[in-house]
Amino acid sequence: EEASYLPCLLPYVDFLVPRLKNLAPHLRLVHQHLPHILPYMEDLLPYIPLFVAYPKASANADVLVGYLGWILRVPFIPKILYIPKVPKLIAELANVLPRKLIQPVLARRRRRWEAAERALLQTHT
C-alpha cells in the first residue's frame, strides 16, 4: 500500500526535488501522513517551504490537515501563513490539538480519497 503513494507524488517532483536538501529531515516524519496530505498537496505546495524549520509540523501533519486543511481552500486566508511566526505557531499547535478527536474524520477522508483514486485508475484501464 505504501508504494501506491509514489505515483501520486510524481506530479510534485519538480517542486520537491530542488528542495530535497531542506525537506529531507521531514520525509521520515511525514511519510506516515501521506494518505492525509496527498488530497491537499496542490494547496500545500506554496507553504511547504515555510515549515522547513518546524519538523513538529511534519510529525503531526495528519492532525494539522485534519483540523486546518479546510483553511487552505478558502480564498486569501492561507496568505496568513506568510506572516512571520505563524508557521511556528501552527507547528506548536500541532502538539496541542487532540489527535484522538480528529482520527475518525481522517479515517473517513482517507477512505473517500482512496476510493476516488481507485475509481480514477479503473476508468483509465
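User: Which residues is S58 in contact with, leaving aside its neighbours within four places in sequence?

Analyst: S58 touches H26, L29, V30 and H33. Contact here means heavy atoms within 4.5 Å. Keep in mind that this is a predicted model.

User: Where is the place of S58?

Analyst: S58 belongs to helix α6, which covers residues 55-59.

User: Why does S58 count as buried?

Analyst: Set the value against the cut-off. Buried means under 20% relative accessible area. S58 has 11% relative accessibility, so S58 counts as buried.

User: What about F76: what makes this residue exposed or buried?

Analyst: Exposed means over 50% relative accessible area. F76 has 71%, so F76 is exposed. Its place is in the loop between α7 and α8.

User: What is the phi of F76?

Analyst: Phi of F76 is near 75°. That is a positive value in a residue other than glycine.

User: Which loop holds K85, and why does K85 count as exposed or buried?

Analyst: K85 lies in the loop between α7 and α8. Its relative accessibility is 64%. The cut-off for exposed is over 50%, so K85 counts as exposed. K85 is not a glycine, yet its phi is positive, at about 80°.

User: Why is α7 called largely enclosed?

Analyst: Count its residues. In α7, 6 of the 8 residues are buried, so this helix is largely enclosed by the rest of the structure. The buried ones are A61, D62, V63, L64, V65 and G66.

User: What covers the buried residues of α7?

Analyst: The cover includes α3 (20-30), α4, α6, α8 and α9 (99-123).

User: What makes a set of residues a nonpolar core, and which members of the largest one touch the most other members?

Analyst: Members must be buried residues of the nonpolar kinds, including Leu, Ile and Phe, joined through side-chain atoms within 4.5 Å. The largest such core has 26 residues. I37, L38, M41, F51, L72, L81 and I90 touch the most other members. Helices α1 (6-9), α4 (34-37), α5 (41-44), α7 (61-68) and α8 (86-96) each supply at least two residues. Helix α8 gives the most, with 4 residues.

User: Which residues is F51 in contact with, leaving aside its neighbours within four places in sequence?

Analyst: F51 is in contact with H26, A57, L81, P87 and I90.

User: How do you know that the protein agrees with a compact globule?

Analyst: Compare two values. For 125 residues, a compact globule would have a radius of gyration near 14 Å. The protein has 15 Å, which agrees. Its C-alpha atoms fill a box of roughly 45 × 35 × 30 Å along the principal axes.

User: How many helices and strands are in the protein?

Analyst: There are 9 helices and 0 strands. From the N terminus on, the elements run α-α-α-α-α-α-α-α-α.

User: How many contacts join residues at least 24 apart in sequence?

Analyst: Take the contacts between residues at least 6 apart in sequence. Of these, 87% join residues at least 24 apart.

User: What is the share of buried residues, and what is the accessible surface of the protein?

Analyst: Of the 125 residues, 35% count as buried. The accessible surface comes to about 8200 Å². Carbon and sulfur atoms hold 66% of this surface.

User: How many positive and negative charges are there, and what separates their mean positions?

Analyst: The protein has 16 positive and 9 negative charges. Their mean positions are 8 Å apart.

Key: Residues numbered from 1 in each chain as written. Predicted model: local features only at pLDDT ≥ 70, side-chain atom pairs only at ≥ 80, totals over all residues. Heavy atoms only, no water. Buried < 20%, exposed > 50% of the residue type's maximum accessible area, 1.4 Å probe, protein only. Rg over C-alpha atoms; globule rule 2.2 N^0.38 Å. Areas by Shrake-Rupley, 256 points an atom, 1.4 Å probe, with all protein chains shown as cover. Lys, Arg positive; Asp, Glu negative; His and termini not counted. Charge placed at Lys NZ, Arg CZ, Asp CG, Glu CD.
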